[in-house]
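Me: I want to go through some side-chain contacts with you. Here is what I have open.

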Amino acid sequence: MSNQQDQGKDQGINSKDFMIGSLIGGIVGASMALLFAPKTGKEFRNDLNQGANYVKDRAYEWKDIAYEKGSEWKDYARDNYSQLSQNVSEKSQELGDKVKETSKSIQDKFNKEDDPEETAEEVAQAIEEVSQQIENNNNKDN
């Protein structure tokens, strides 16, 4: 699982670096082409202005995409957090109820005036049942 996460991080970093490199490369390439092209000053300024507008438009597009992706990830994290919080709350409530039931059962068994060996055996059995239920709940969650 960690390997997949590392690959995802590497891909995200590489994509980001590629986009930045492409943007800078495009600016430098366009500037160099304009500088070395045989044009008049007016044509050169017009081409330079068009290039700058193109770069500005692309930057706004990337900003919008980044904002959209950030909103998607925020919503995804919020949904997962609320679901995880609800699951933890439910499981802790179940575990608390089981502990209360077992505690009451053990107290009831100690309050009886039965054979001590039989009472100890019943208590051990109740503890074993609770531990198996907890283990089963943990296995279901995983």
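Me: Let's start with Tyr76. Buried, exposed or partly exposed?

Reply: Tyr76 is partly exposed, at 48% relative accessibility. The cut-offs are under 20% relative accessible area for buried and over 50% for exposed, with partly exposed in between (1.4 Å probe, protein chains only).

Me: What kind of model is this, and what are the ground rules?

Reply: This is a predicted model; local features need pLDDT of at least 70, side-chain atom pairs count only at pLDDT 80 or more, and totals for chains, interfaces and linings use all residues. Residues are numbered from 1 along each chain as its sequence is written, and side-chain values use heavy atoms, with hydrogens and water left out.

Me: How many aromatic pairs are there?

Reply: One aromatic pair. The ring centres of Trp73 and Tyr76 are 5.7 Å apart and the planes sit at 85°, so this pair is edge-to-face. Rings of Phe, Tyr and Trp (its six-membered ring) pair if their centres lie within 6.5 Å; planes under 30 degrees apart are stacked, over 60 edge-to-face, the rest tilted.

Me: Switching to charges. How many salt bridges?

Reply: Five. The test is a side-chain nitrogen of Lys or Arg within 4 Å of a carboxyl oxygen of Asp or Glu.

Me: Why would such side chains pair at all?

Reply: Side chains of opposite charge can pair when their charged atoms come close.

Me: What does Arg58 pair with?

Reply: Glu61, at 3.0 Å, N to O. Arg58 and Glu61 are three residues apart in helix 2 (residues 41-111), so about one helical turn separates them. Arg58 is partly exposed at 28%, and Glu61 is partly exposed at 39%.

Me: Which residue does Lys69 bridge to?

Reply: Lys69 meets Glu72 at 3.9 Å, N to O. Lys69 and Glu72 also lie in helix 2, three residues apart, about one turn. Lys69 is partly exposed at 43%, and so is Glu72, at 41%.

Me: What about Lys63?

Reply: Lys63 forms a salt bridge with Asp64 (3.5 Å, N to O). Asp64 is partly exposed, at 44% relative accessibility.

Technical notes
Helix = DSSP H or I, 4+ residues; strand = E, 2+ residues; numbered from the N terminus.
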